[in-house]
Amino acid sequence: EEDHLQPIGKKYLPIALQKSLVRKVFESTDAAMMEVFINYVIRQCPRQPQRVKFVQALCWAMPERAQQIGDMIYNSLNDAVLWERLRVEIPAIVPRGAYNHTRFY
């Protein structure tokens with residue numbers, strides 16, 4: 001799927017439009033519902049690189065909301081191992097006050 005469908009999206013949807021779509025969906029969706037949605041997508045991805053790519057795409061579209069996205073993942077996941085694997089690969093999502101939070105200046 002990723003190999004066949006991604007080039008179509010990249011061809012017909014410019015990056016600026018992709019980012020604005022992600023922003024509009026994030027802004028128009030209730031925070032509790034967005035938390036459920038993010039948790040559902042992460043749990044349904046069968047492989048870790050797919051999970052990382054999904055979270056990185058959200059953080060790439062909205063870098064100022066990376067910790068908020070991380071907080072949604074941290075609060076909704078009941079799997080500590082999965083959270084640690086995501087945290088190691090994407091350290092920008094660790095919310096303030098959580099274990100291993102580091103400031104980026």
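Predicted model: local features only at pLDDT ≥ 70, side-chain atom pairs only at ≥ 80, totals over all residues.
Leaving out residues up to four places away in sequence, Gln48 touches Leu82, Arg85, Leu86 and Glu89.

**Gln48 and helix α4**

- Gln48 belongs to helix α4, which covers residues 48–61 and therefore has 14 residues in the run that defines the helix.
- From its first C-alpha to its last, helix α4 reaches 20 Å, which is close to the 20 Å expected at 1.5 Å a residue.
- Gln48 counts as buried because its relative accessibility is 6%, and the cut-off for buried is under 20%.

**The largest pocket**

- The largest pocket has a volume of about 900 Å³, and the elements that give two or more residues to its lining are α1 (2–12), α2 (15–28), α3 (31–44) and α4.
- Helix α4 gives the most to this lining, with eight residues.
- In total the pocket is lined by 24 residues, and those that lie nearest its centre are Gln6, Gln18, Lys53, Phe54 and Ala57.
- Sorted by class, the lining of the largest pocket has 15 nonpolar residues, together with five polar and four charged ones.

**Ile69 in helix α5**

- Ile69 is found in helix α5, which covers residues 66–76, and it counts as buried because its relative accessible area is 0%.
- Ile69 and Glu35 are 34 residues apart in sequence, while their C-alpha atoms are 8.2 Å apart in space.

**Leu13 in a loop**

- Leu13 lies in the loop between α1 and α2, and it counts as partly exposed because its relative accessibility is 34%, a value between the cut-offs of 20% and 50%.
- Between the C-alpha atoms of Leu13 and Ala98, which are 85 residues apart along the chain, the separation is 36 Å.

Conventions: Residues numbered from 1 in each chain as written. Heavy atoms only, no water. Helix = DSSP H or I, 4+ residues; strand = E, 2+ residues; numbered from the N terminus. Expected span 1.5 Å × (residues − 1). 1 Å grid on protein atoms, 1.4 Å probe; cavity = no way out; pocket = protein on both sides within 12 Å on 5 of 7 lines; lining within 4 Å. Points joined across faces, edges and corners; volume = space filled by probe spheres on them. Nonpolar A, V, L, I, M, F, W, Y, C, P; charged D, E, K, R; others polar. Buried < 20%, exposed > 50% of the residue type's maximum accessible area, 1.4 Å probe, protein only. Contact = heavy atoms within 4.5 Å.
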